[in-house]
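Welcome, and thanks for having your viewer ready. Let's walk through this model together, one selection at a time.

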Amino acid sequence: MTSKTAISVRALLFLISCPVILIFTGPLTRTVSPEAGPLLVGSIASALTFALTLLFLRWDGLRLRDVGAAATTGTASRLAFGFGIGIAIVSLQDLVIYFGGHAHWLRDPSHPSSLILLALAGYATLALREELAFRGYPLRRLEAAWGMWPALILMTVAFTLEHAAGGWSWSRAFLGPPTGALLFGMAALATRGLAVPLGIHAAFNSAQWFMGQKETAGPFKLLIDPGFSNRAETLAYAAYLTGTLSVTFAFWLWHSRRAAQ
């Protein structure tokens with residue numbers, strides 16, 4: 001077995017193992033309140049995915065820093081940088097929806113601060129699980145074997161398929177996750193770590209929930225005038241594509257400049 005084949009087989013085994021972790025941890029949501037479910041599952045799944053990463057790294061004779069999963073003195077600042085990017089993308093979405101007309105937000109007073117913090121922590125841990133699963137070991141090992149674009153494309157396909165297998169409709173799975181996967185993956189490769197894509201991912205999901213753009217209700221409700229829901233959805237997706245692809249391009253330039261040096 002060639003080196004490239006061996007790396008690819010191990011990356012595939014890692015990717016197959018990650019959904020198995022979700023299969024066993026997912027039912028735990030029924031043991032707690034709906035608000036606490038994501039945090040419980042995200043925490044346990046993240047810990048198990050991290051342990052899986054350690055196992056595969058030992059198999060390959062590598063260290064956490066070789067796949068960008070080691071904490072460093074710059075981790076906090078990189079998380080904050082990524083968090084700011086995620087907030088900016090959602091802000092762009094909301095501004096486009098708002099100026100497109102026939103949409104406004106209404107504050108829902110039924111969400112106390114404790115539940116808001118619980119939900120934000122849940123989205124952060126779920127994002128951590130996905131970054132470890134898709135932008136850590138498999139992405140960096142496939143990049144080493146086949147190069148940047150094959151690795152990014154393979155991780156984008158895997159990320160999309162997991163969302164579809166998780167209950168997303170195929171149309172919805174093909175609209176959002178692929179672009180997000182490219183952004184997170186390029187950010188991971190450009191910065192050689194998981195902190196920036198984790199910050200983007202956690203901020204994006206948290207901000208969308210906060211502004212009422214997730215399935216579960218957040219502190220604000222997005223209200224669309226009758227007959228304009230399709231228009232608002234089109235504007236939101238156009239803004240999402242513009243924001244994510246623009247930032248992906250910026251990270252690609254960063255990666256290219258770094259490679260040239």
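Start by selecting aspartate 60 and arginine 10: their side chains meet in a salt bridge, with 2.3 Å from N to O. Colour the helices next, and you will find aspartate 60 in helix α2 (residues 37-60) and arginine 10 in helix α1 (residues 3-25), so this pair ties together parts that are 50 residues apart in sequence. Keep in mind that you are looking at a predicted model. With a cut-off of 4 Å between the side-chain nitrogen and the carboxyl oxygen, the count comes to seven salt bridges.

Now move on to a pair of helices. Select α3 (residues 75-99) and α8 (residues 195-210), which pack at an angle of about 40° with their axes 6 Å apart. Their crossing is right-handed. To see the contact itself, show side chains on both helices: α3 contributes residues including Phe81, Phe83, Ile85, Ile89 and Gln93, while Leu198, Ile200, Phe204 and Gln208 are among those from α8. Glycines take part too, among them Gly82 and Gly86 of α3 and Gly199 of α8. Sorted by type, the residues of this contact are 14 nonpolar, six polar and one charged.

Helices α5 (148-165), α6 (170-175) and α9 (229-260) each supply at least two of its residues. The most comes from α5, with four residues; isoleucine 153 lies in this helix.

Technical notes: Residues numbered from 1 in each chain as written. Predicted model: local features only at pLDDT ≥ 70, side-chain atom pairs only at ≥ 80, totals over all residues. Heavy atoms only, no water. Axes fitted to C-alpha atoms, helices over the stretch in contact; angles between N-to-C directions. Left-handed = near helix turned anticlockwise from the far one by under 90°. Contact = heavy atoms within 4.5 Å. Nonpolar A, V, L, I, M, F, W, Y, C, P; charged D, E, K, R; others polar.
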